[in-house]
Amino acid sequence: MTQAEDRSASFLRGALARSPSLRVAGRAFSERERGLLSRYPVFRRRFGDSLDAAVPLLVMCGLFAAFALLVPNYLSGSNLQQLMRDYAEPCLVALALGIVVFAGGIDLSVGAIFALAKFTALYLFRIEMWPLPVAVLGVLSVGAVIGAINGVLIAYLKTRAFLTTLAMLLILRAGLDFVTNAYTIELANAWRDTEGWYWLGAGYFLGVPSNMVILLVVALALHLFLTRLRPGLHIMATGADRKAARHAGINTRRVTLLAYVLSGLIAALAGLFYAARQSSAGSDTGLGWGVTALTAVVLGGVSLSGGGGSVGRVMIGSAILFLLMSGLLRMNMPGGASSALIGATLLGAVGIHIQWSRRRARSRSVRSPVSDQRGAP
Amino acid sequence: MVDFISGKRWAIGLVSALVVTWGFMDGASHAQTDPRSQLRIDFDKAVKGKTVAWVPITMGTPIDQIWTAVMQSHFDKYGIKFIVRDPNFDSNSQLQAVTSLINEKPDVLIVQNINVSLLARELKRAMENGIYVIQVNMMSNQPSDAYVGVDNVDSGRLIAKDIVAQCGGGKSSGKVAIVQGEATSAGSLDQLKGAMEVFAADKSIKVVSTQAANWDANKANEITATVLRQHPDLCATYGHWGIMQQGAAQAVKAAGLQGKVKVYASSDGPRSDCEMVEQGLFYKVLSYRADIQGMQIADAVLTLLQSGEKPGAKRLTLLSNNFWVTGPAERHYCYDLSLTQ
């Protein structure tokens, strides 16, 4: 093994020790590097990893079963449809945050982008009377543009993701308050409805609510993108170890920008459906959704340090939180208590997550040298 | 002959059947002869065991607590099941609460709309699903079986007229600031509409600020403090809800303008609003007395359950009265929460 190969391998090993999911992302690397990868059994999937993925899934199923027993008519068709309808938008917002987290960043402004998209949808469709397809494009481009601003600032101007998106959150919310105030009366009295708009807000496709159909399509597309397509693999690789990814020839700046643009796009999509469903110009839209999305991402077992996680995990995390909140609401839990519970859940999930990854890191450092020896030529 | 006999038997059978039926009916009508007892029997038949679901904006304010307490006491008495869902000021939770309740099919659904559009589609769906819908104090764009509450446009006019009388005609700078609640709620939209009608008709009045504090006293405080810095000669500030406007009153006091800037509020009549008037922090409040509204809501429920109408068939409107509170003499227009506990 040449010295260069050795260095490259050690970079990769470092990255992969942090993130088992990079094994898949490994495809993005060159043949030579892939050859290196295959020689280290440490990269093989471990039982612990599957367990890690199974716990949130079990919690989700457990919660669903519990509420099915406790809440009357929980399993009725109309209730299941309603649950899906209410679940879709928060889950899309969680995915919007998830993709940035996969890329090793953070986006506190997803809730505000979502809210601004909702306002834009109502404004373009109901006040400006744009045709629906044009209005939809308008809404999505608002999301993409805000995502792009976040992305350029963070990737190219090297601002800190946390502070940048926090500032974006504040700016967007202030702007939103301003425009909501300016158009309150028009929005409250506007009452345009077309078949397409109605379908977005209340329609079904084969009995599945429209927004859930779109969520499934987006989730599937995003999953394939992140696991099968080069730019998606690059996102995961950049999140796992920026330095290693750069050494492997990935344009990490462009990848980061891409992640933020996609995030803005997905958050805007959620805002569009929410606008059609609620038709509500209320100024509290999206307040706290950033925190909810973050909680969902963590609950799904996605590492906030990037590179790990999957679309499925974010969806499961989002479902856990959603089932908990909607279930408690149905069981007449006082409102303040539910909010406190979100906080406690987030704290608990983060705590468990840290303990879990520490333990795994320890077991890995004990086992790794042995595997390395066996795997080395 | 055979036919004749069987015909006779038939006739005898028929006559005896009639006699027996008559006897029974007579017996039954004996039980009905006491109309006073029958009243309660019919009432219980219509309301007992029915389910009423209530979705306020939050359970964290006196107005929602007094409504709930008054309704609870009525419904407990008549054997009506009462479900409360608390969205805690969150529109998404309110929508979820209402959609899940529609699946649970209560007999009556009572809502206090966070804004005019959020629940519109769901309230229509509720009525289509055979649920009576009552809206309280803040209407949605979707009319329903009953509206119980204040005429917000009228409150806006009444308060604005009083402000014009105090500030207009060159008596002062004529500057007025309006503190809205949630700008998209009927409570704010309609009060603003009524007030602006009156202000627009009087040239001596200048509305220098209309900002939404989202029912939050802290935000009302910040907004008012800023307005006072720009317009220290402000004549009056008008808040769309007493509890929120208390924040504005504190800002006026902090700016050393207590007594100079007249603080008005539309109020549901919690004790603290009357105390603010007595301390001179509020100039005047127009109370609509939420405790009485609680009884009106309960009455609307009982009326609908006994009406025999199909949900969505008719529209019932029960408006609240308004009472000016200007000093200790009118303190009985406020309610005490402790009395309900």
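Me: How are the residues and chains named here, and what counts in a predicted model?
Reply: Residues are numbered from 1 along each chain as its sequence is written, while chains are lettered from A and ligands numbered from 1 in the order in which they are written. Local features need pLDDT of at least 70 and side-chain atom pairs count only at pLDDT 80 or more, whereas totals for chains, interfaces and linings use all residues, and side-chain values use heavy atoms, with hydrogens and water left out.

Me: What is the average pLDDT of chain A, and where does it stay under 50?
Reply: The pLDDT, which is the predictor's confidence in each residue from 0 to 100, averages 83 in chain A, and 81% of the residues score at least 70. It stays under 50 over residues 39–45 of chain A, for which the model has 19 contacts beyond four places in sequence, a contact being heavy atoms within 4.5 Å. Over residues 367–377 of chain A the pLDDT is also below 50. Where pLDDT is low, the predicted coordinates should not be read in detail.

Me: Why is Leu304(B) called buried?
Reply: Leu304(B) has 8% relative accessibility and therefore counts as buried, since buried means under 20% relative accessible area, exposed over 50% and partly exposed in between, with a 1.4 Å probe and protein chains only. Leu304(B) is found in helix 11 of chain B, where helices are DSSP runs of H or I with at least four residues, strands are runs of E with at least two, and both are numbered from the N terminus. Leaving aside neighbours within four places in sequence, Leu304(B) is in contact with Tyr132(B), Ile134(B), Asp145(B) and Ala146(B).

Me: How do you know that helix 3 of chain B has a length close to the expected one?
Reply: Helix 3 (residues 62–77) of chain B has 16 residues and reaches 23 Å from its first C-alpha to its last, close to the 22 Å expected, the expected span being 1.5 Å times one less than the number of residues. Among the buried residues of helix 3 of chain B are Ile66(B), Trp67(B) and Phe75(B), and the buried residues of this helix pack against elements including strand 1 (51–55) and helix 11 (290–307) of chain B.

Me: What makes Arg157(B) and Glu197(B) a salt bridge?
Reply: Their side chains meet at 2.9 Å, N to O, and a salt bridge is a side-chain nitrogen of Lys or Arg within 4 Å of a carboxyl oxygen of Asp or Glu, so the pair qualifies. The pair links distant parts of the chain, with Arg157(B) in helix 6 (residues 152–167) of chain B and Glu197(B) in helix 7 (residues 186–200) of chain B, 40 residues apart.

Me: Why is Arg157(B) called partly exposed?
Reply: Arg157(B) has 27% relative accessibility and therefore counts as partly exposed, and Glu197(B), with a relative accessible area of 39%, is partly exposed as well.

Me: How do you know that Asp44(B) and Arg40(B) are about one turn of the helix apart?
Reply: Asp44(B) and Arg40(B) both lie in helix 2 (residues 35–47) of chain B, four residues apart, which is about one turn of the helix. Their side chains meet in a salt bridge at 3.0 Å, N to O.
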